[in-house]
Amino acid sequence: MRAWFFTETAYPYLPEEFDSIRVTLPNRHYDPRIGAELYHRYLDEWLHAEEMGLEIMLNEHHQTATCVDPVAPIMLGVLARETTKARLLLLGNPIANRRQPVRVAEEMALVDCLSRGRVEVGFVRGVPYEISAGNSNPVRMSERFWESHDLILKAWTTHDGPFSWEGRFFHHRQVNIWPRPYQEPHPPVWITALSTNSVPAVAERGYVVATFLTGFEVSKKIFEAYRATAAGLGRDTPSDRLAYAALLYTGETDEEGRAGARKLMWYVEANKVAPQFVAPPGYVPVEAAAQAMRKGGSQYDFRRLTLEDLVSQGVMFAGNPDTVFRQVKAHYEHVGGYGHLLVMGQAGFLNHRDTVRGIDLFAREVYPRLKELK
Amino acid sequence: MPTLEIFDGKIRIRDLELEAVHRGDGPPLLLLHGAAGIDPRAEYLELLARHFEVLAPSHPGFGNSPLPDLFDSVDDLAHLYLDLLERFELRDVVLMGFSFGGWIAAELAVRCAHRLARLILVGPVGIKVGDRETRDIPDIFALPPDEVMRLVYHDPEKAPTNFAAMSDEQLRIIARNRQSLALYTWEPYMHNPKLRYRLGALRLPTLLVRGAGDGLVSQQYLEAYRAAIPGARLEVIAEAGHAPQIEQPRALVDRILAFAG
């Protein structure tokens, strides 16, 4: 198993009262001087993770204090220059919300060259609150996502001069990107899934499917759907096609591990989102939208859960190294195994010292044992 | 004249079969519904059917009308209904649209009005009035749902908000209508930047109607709409919001009869 260290580069200093941390929180609450220090600190933590033998993951969100990395390709470029050996996963590019797929192809190709072939490219549909910030029509996103993907892949793999694209959603003349990607035929591709609906298209293409905070049961269904699709095509599913992202903190003792994990819970507790941004029209199929209207609330809302709930659901791993290993192993075995653990090991007010300590204990005491999991 | 191929509440336009209400006798009235779709039990339909042959299709993607992959703009809908008028050789049609349907009606009329006798736009959207930093129509996709209801209804108590008490089918239709509305109106939001100019070429008796308590379409906006259409009239209905056909059906139908009866 490969472990990837991940921080959302949050700006945790929120006002006492606010309606929605996403989309509408005024940026007067963001102090650029504090933000600058945070960027450097978070970069240092990624570099430290590399030093400890972990791979690196970053993501992108917009108009939110939970993740102040609205232009992740730039952060990826910094990491490409500052690191030397870690794989660099951007999970991912919100390509249904990006108007110029060719530009995405160029960004990723540049960073792939700069890193001498260490980039792994994620494509994500993005959470519903990205719709407003992305100024993106929420209807037919999936169709737009796949057309953008097709154009990016063609831009990466066409080496004999320009081609043109006159698609349903995107038009581009004289597509002929410089540089081309460092890796052949192109960087590895990852795609996220939060339900089984979107899995077959990922599995058919042999990409890595990554699922976030989906715990025991939903993760299991997603991985099963991937294996079933592959099997239907006469293919095995190596574990490196499957990835799981969880909140994770390792301490010397269970108490210390849980204290760190409690600080990570800022990520779920601060995620207060106004209802109109949780359920944009067309983001989910009509039947699912109808049921959501009946129930109210959001499938992304973990705010009422306690630390114990999160741990028992497999959304969070926390404790001393033995405990963390046991928790991951139980989850791993329940869902049928996976090849990548995306470690959300920093959030909210977990400070630099404690973040580094968590990374060190995980890397020294837990990761070697995870690599042995069969 | 080909008969209207309406059977079991369906109307076929080439390969597209739309759900439709078809009732009443009199001059033909093509009714283009707004964001909420058509409720065949609505009182205003009954009142209109006493004086007109009312044809009210569900737009593609609304109610149970299919949504072809090709469709994603008001332009598509205007051309679809032009096709309908031609196909069935309808003449002297009263074309009426509510809200989003008013936008479709206006787009249809500026393309070809030779089958139309009168145009009635009730709380229509579709034109751009304010400057680039002033949204004319509140962004209903970015407002809390209860706030949207306050803007739509003069009396918010009448708003259908008790989702828990609705059937699966009712909820499915509401979700589907909302999704299709977003598809058609997302950007430019609720308008065509060129429509206001094009309305200047219209030579068709036109009535604009606004509910006095309409929180989505302002008096100033409809004044601009009226000024854009040569000879158009604007009337205001008291104690009604964005949907006077729901809150004041009799008052609305009286105005329609006075104008087009």
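How many bridges join β9(A) to strand β10 (residues 316-319) of chain A? In this predicted model, β9(A) and β10(A) are joined by 4 bridges, and the two strands run parallel. Within this pairing, A:Leu248 stands opposite A:Phe317 of β10(A).

Strand β9(A) also has other partners in chain A. Strand β8 (residues 208-212) of chain A pairs with β9(A) in the parallel sense, over 4 bridges, and here A:Val209 is the residue that stands opposite A:Leu242 of β9(A). Strand β11 (residues 340-346) of chain A likewise runs parallel to β9(A), to which it is joined by 5 bridges, and in this pairing A:Leu342 of β11(A) is the bridge partner of A:Ala245.

Because 9 of the 9 residues of β9(A), which spans residues 242-250, are buried, the strand is largely enclosed by the rest of the structure.

Helix packing was examined next, beginning with chain A. The axes of helix α13 (residues 321-335) and helix α14 (residues 352-372) of chain A come within 9 Å and cross at roughly 40°, which means that α13(A) is oblique to α14(A). The crossing in which α13(A) passes α14(A) is right-handed. On the side of α13(A), the contact is made by A:Pro321, A:Val324, A:Phe325 and A:Val328, and these meet A:Leu361, A:Glu365, A:Val366, A:Arg369 and A:Leu370 of α14(A). By class, the residues of this contact divide into 7 nonpolar and 2 charged, with no polar residue.

In chain B, the axes of helix α2 (residues 74-87) and helix α3 (residues 100-111) come within 8 Å and cross at roughly 60°, and the crossing of α2(B) and α3(B) is right-handed. Helix α2(B) contributes B:Val74, B:Asp75, B:Leu77, B:Ala78, B:Tyr81 and B:Leu82 to the contact, whereas α3(B) contributes B:Trp103, B:Ile104, B:Glu107, B:Leu108 and B:Arg111. The contact of α2(B) with α3(B) comprises 8 nonpolar and 3 charged residues, and no polar ones.

Between the two chains, 20 residues of chain B are in contact with 17 residues of chain A. Helix α5 (residues 168-185) of chain B gives the most to the side of chain B that touches chain A, supplying 11 residues. Sorted by class, this side of chain B has 14 nonpolar, 1 polar and 5 charged residues.

Several features of the backbone were found in loops. The peptide bond from A:Glu184 to A:Pro185 is cis, with omega near -5°, and A:Pro185 is placed in the loop between β6 (171-175) and β7 (189-192) of chain A. In chain B, a cis peptide bond joins B:Glu187 and B:Pro188, with omega about -5°, and B:Pro188 is found in the loop between α5 and α6 (195-199) of that chain.

Positive phi values were found at two residues described here. A:Arg116 has a positive phi of about 55° although it is not a glycine, and its place is in the loop between α3 (101-114) and β4 (119-123) of chain A. Because A:Arg116 has 11 C-beta neighbours inside 10 Å, it counts as exposed. A:Asn135, also not a glycine, has a positive phi of about 50° and lies in the loop between α4 (130-134) and α5 (141-157) of chain A. With 11 other C-beta atoms within 10 Å, A:Asn135 is exposed.

Finally, B:Glu247 lies in helix α8 (residues 244-247) of chain B and is buried, with 20 other C-beta atoms within 10 Å. Although B:Glu247 and B:Tyr153 are 94 residues apart along the chain, their C-alpha atoms are separated by 7.9 Å. When neighbours within four places in sequence are left aside, B:Glu247 is in contact with B:Tyr153, B:His154, B:Asp155, B:Lys158, B:Gly211, B:Glu239, B:Ala240 and B:Gly241.

Definitions and conventions
Residues numbered from 1 in each chain as written. Chains lettered and ligands numbered in written order. Predicted model: local features only at pLDDT ≥ 70, side-chain atom pairs only at ≥ 80, totals over all residues. Buried ≥ 20, exposed ≤ 12 C-beta atoms within 10 Å, placed from the backbone. Pairing = 2+ DSSP bridges. Axes fitted to C-alpha atoms, helices over the stretch in contact; angles between N-to-C directions. Parallel < 35°, antiparallel > 145°, perpendicular 65-115°, else oblique. Left-handed = near helix turned anticlockwise from the far one by under 90°. Contact = placed C-beta atoms within 7 Å. Nonpolar A, V, L, I, M, F, W, Y, C, P; charged D, E, K, R; others polar.
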